[in-house]
Amino acid sequence: MPEIPLRVASAVLLTLTALNVPTAYADDVTPVAVTVNARAALATVPETGIGTNHAIWDSNLGTDETADRLKDAGVKLLRYPGGSYSDIYHWADHTAPGGYVAPDTDFDTFMRGARRTGAQAMVTANYGTGTADEAAAWVRYANVTKGYGVKYWEIGNENYGNGHYGAAWEADDHADKSPAEYARNVVAYAEAMKAVDPTVKIGAVLTTPANWPDGLIAGGDDGTWNKVVLSIAGPKIDFVILHWYPGAFDKAGHITDMLDLTRRQIAEHAGPGSDRIGIAMTEFNTGTSSNGTNTQPGALAAADAYATLLANGVFTVDWWNVHNGIGNVTQVEGQTDYGDFGLLSSATCTSDGSVCEPPLNTPFAPYHALRMMSVFARAGDQFVRAASDQAKVSAHAVRRPNGDLAVMLINTSSDTSYPVTIGYSGFSPATGAPTVLTHANGATGITSSTSGSATTRTLPPLSLTTVVVHPSSAQTGLPGAPGQPKASTVTDTTATITWPAASTGTRPIVKYEIYRDNGAVSEQLGETAGTSFTVGNLKPGTRYTVNVIARDSGGGVSWASPPLTFTTGTPASSSCAVRLTDQSDWGNGYVGAIDITNNGAPINGWTLNFDWPRTWQSLGSGWSAVWTQNGSNVKVVNEPANGSLPTGASTTIGFVGNYSGPNILPAVFTLNGTVCTTR
């Protein structure tokens with residue numbers, strides 16, 4: 001991200017203002033039902049999950065006070081040298097031609113602070129104005145000469161912002177600014193850097209699904225940025241890099257699809273063994289400097305996004321950034337928002353000196369969100385499904401190795417206290433009062449108490465609450481969790497699932513049970529004494545997430561396996577076939593072409609139906625047929641000129657599709673009521 005001045009996101013945002021309306025209390029509103037399903041396991045919390053960015057123009061980067069603040073927040077990964085500065089920074093002489101380098105921000109100073117914080121380092125090597133040899137020398141200095149053991153190395157920052165797609169903010173001295181040239185250099189950097197230290201992990205920059213310039217194909221390219229980069233550099237990289245500035249506080253619902261699309265691209269383009277490639281969100285912030293990003297709404301959105309990203313398997317989420325500076329000053333929910341992207345105050349003032357931030361290193365609200373995340377979801381905990389029936393209340397949960405369960409509840413309403421009832425599946429809570437951690441609007445810290453029950457709670461407006469619950473009884477001698485399941489022979493209605501056997505506890509394992517995650521409710525798909533099971537009665541074109549548990553002869557059950565997600569196809573043979581192609585994409589819309597082939601008896605008049613997979617997708621216009629949309633369903637009826645389809649005949653129709661989130665394309669089409677083969 002460019003630094004000073006701040007980049008303004010393209011989304012138009014409404015400034016939040018303090019609401020002078022009475023608070024609705026618990027007895028005035030319908031109770032919220034929260035469901036926690038301990039058998040529906042998601043990702044395990046990584047050691048590096050909670051991260052943030054340091055920048056070489058921040059003179060407080062290396063101070064003990066800053067390091068100690070970050071340590072108290074539970075930050076476990078620090079990224080250096082800072083956004084777009086990475087592509088002008090030369091580490092050996094600590095210069096950034098064209099930019100400002102603050103005193104005491106060199107690499108050794110950064111590493112001293114990182115060690116004091118107790119965080120791993122992630123270093124962004126200079127792609128824009130640097131070389132592979134320069135990056136390799138940095139690895140040698142860091143890991144051979146100094147013994148710092150820096151594991152994660154990115155190649156460049158937002159290199160798609162080099163002007164290749166029109167907008168230019170990222171330095172790039174290469175005459176060829178294409179994704180192919182970037183990818184070829186990633187290969188060269190990776191080989192040079194791993195020749196020095198084979199243990200380092202190399203990351204390549206991708207575009208984030210549904211964020212510019214995702215979906216665009218520039219002249220002369222063989223595909224989108226992601227397709228080209230992964231096709232060339234995929235075999236040489238260990239992780240991919242996403243940046244996300246959603247520009248609003250209600251976008252956590254996009255995350256699962258965002259990551260699913262990224263993983264599909266990796267699997268399709270990165271070559272054999274691509275499942276080893278991780279995903280890092282190395283820059284994240286909730287919005288822009290005008291929407292309350294450093295007051296409580298931004299903190300609540302940060303906690304929601306961090307939890308959702310980590311539950312979906314991202315190995316680090318790195319807030320932009322530690323210190324940033326004052327921006328547009330507003331009043332948000334009764335608090336002063338300084339328009340500052342930082343976690344901590346930089347004590348700067350507006351240009352006219354009329355408003356100044358609090359003293360240096362005063363935490364802003366998102367700092368407390370990261371701190372709450374670090375005590376809610378600790379390394380080694382396993383996220384499990386949690387859901388709420390109230391849009392203003394979000395729920396997340398983790399299961400801890402000692403058997404405890406932690407539930408984080410987020411009330412985004414500015415004027416309503418919600419009573420919450422928590423129901424548990426696959427877990428029996430103890431009857432005693434749980435530990436309760438709370439951060440409310442305007443609070444300067446997190447409060448801790450032992451109060452209430454495991455099943456009821458009242459959430460203040462604009463609050464973060466974590467409830468840590470003990471099990472009703474100690475569970476010993478249980479089987480271990482089954483290993484990572486895999487799917488094979490996936491058809492439109494079946495899939496074969498296999499998994500490594502669980503370790504035996506004090507009693508023999510008698511069976512394995514396979515569960516599908518259906519929201520926060522598990523649906524058992526079957527059981528077997530072996531380690532393979534073929535699931536039937538699946539729906540075509542549907543994404544499934546499943547877990548496996550082991551049950552012993554005494555009825556004791558293991559933790560759930562890691563999740564497996566797969567998507568069913570369409571019939572291998574059908575009386576019709578459909579091919580949908582995205583012919584031209586501009587980031588929030590595309591031109592789609594649908595080829596329809598009749599493989600059956602001659603047709604005289606046809607109707608094609610499909611559903612948009614997501615609520616943020618819609619039909620703009622269509623041609624070569626009569627197009628209508630009702631809810632999520634699109635109905636397409638032939639025109640007189642193409643209504644007759646003899647056996648083997650085809651026709652092509654087209655449309656404009658609009659989207660405002662990750663664009664999961666329709667996968668299931670019916671022609672005159674028959675499910676077609678999607679090619």
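Author: The account below begins with the helix pair and then turns to other local features. The model is predicted, so local features need pLDDT of at least 70 and side-chain atom pairs count only at pLDDT 80 or more, while totals for chains, interfaces and linings use all residues. Residues are numbered from 1 along each chain as its sequence is written, and side-chain values use heavy atoms, with hydrogens and water left out.

Helices (H or I, at least four residues) and strands (E, at least two) are DSSP runs numbered from the N terminus. Helix 4 (residues 179-196) packs against helix 5 (residues 225-233) with the axes 8 Å apart and an angle of about 30° between them. Axes here are lines fitted to C-alpha atoms, for helices over the stretch in contact, and angles run from 0 to 180 degrees between N-to-C directions. Helix 4 and helix 5 therefore count as roughly parallel, the term for angles under 35 degrees. Their crossing is right-handed, meaning that the near helix is turned clockwise from the far one by less than a right angle. Helix 4 brings Pro 179, Ala 180, Tyr 182, Ala 183, Arg 184, Val 186 and Val 187 to the contact, and helix 5 brings Trp 225, Val 228, Val 229, Ile 232 and Ala 233; contact means heavy atoms within 4.5 Å. By class, these residues are 11 nonpolar, no polar and one charged. Nonpolar covers Ala, Val, Leu, Ile, Met, Phe, Trp, Tyr, Cys and Pro, charged covers Asp, Glu, Lys and Arg, and the others, Gly among them, are polar.

Because 16 of its 16 residues are buried, helix 7 is largely enclosed by the rest of the structure. Buried means under 20% relative accessible area, exposed over 50%, and partly exposed in between (1.4 Å probe, protein chains only). Just after helix 7, Gly 313 has a positive phi of about 95°.

A positive phi also occurs at Leu 462, about 50°, although Leu 462 is not a glycine. Leu 462 sits in the loop between strand 18 (456-459) and strand 19 (463-469), and is buried at 4% relative accessibility.

Conventions
Parallel < 35°, antiparallel > 145°, perpendicular 65-115°, else oblique.
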